[in-house]
Amino acid sequence: MTNEEIIAKINETLAEEFEVDINIIKPDAPLMETLELDSLDLVDVVVLVEQNFGFNVTGEDFAKIRTFQDFYNLVIERTQK
């Protein structure tokens with residue numbers, strides 16, 4: 001899977017799961033605020049990553065994520081290991 005395919009899959013999955021317009025998902029947009037996530041929603045994000053990309057996300061991983069680009073980088077890095 002290419003980086004572009006990974007990003008597209010992330011955007012589609014998040015837009016569908018959190019019922020937001022996919023067009024508001026931009027690399028430099030703040031992830032939590034854009035998707036209006038609370039701590040329970042983060043559990044959903046973890047499950048989505050595990051189901052779609054096959055790796056576990058820890059609280060430490062999320063502590064470093066501010067923007068969608070941070071999230072893309074995490075997923076790309078972990079899927080290419």
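I looked up the charged pair first: aspartate 61 makes a salt bridge with arginine 78, and their closest N and O atoms are 2.7 Å apart. The term means a side-chain nitrogen of Lys or Arg within 4 Å of a carboxyl oxygen of Asp or Glu. The structure holds one salt bridge. The pair joins distant parts of the chain, with aspartate 61 in helix H4 (residues 59–63) and arginine 78 in helix H5 (residues 68–79), 17 residues apart.

I noted that this is a predicted model, where local features need pLDDT of at least 70, side-chain atom pairs count only at pLDDT 80 or more, and totals for chains, interfaces and linings use all residues. Residues are numbered from 1 along each chain as its sequence is written, and side-chain values use heavy atoms, leaving out hydrogens and water.

Next I checked burial (buried is under 20% relative accessible area, exposed over 50%, partly exposed in between, with a 1.4 Å probe and protein chains only). Aspartate 61 counts as buried because its relative accessibility is 9%. Arginine 78, at 24%, counts as partly exposed.

Then I turned to helix H3 (residues 39–53). Helices here are DSSP runs of H or I with at least four residues, numbered from the N terminus. Which residues of H3 are buried? I found Asp41, Val45, Val46, Leu48, Val49 and Phe53. They lie on the same side of H3, because they cover an arc of only 160° around the axis, taken from the directions from the helix axis to the C-beta atoms. Leu40 and Gln51 are exposed on the face turned away from the buried side.

Last, I looked just after H3: glycine 54 has a positive phi of about 75°.

Conventions: Helices (H or I, at least four residues) and strands (E, at least two) are DSSP runs, numbered from the N terminus. The expected span of a helix is 1.5 Å times one less than its number of residues.
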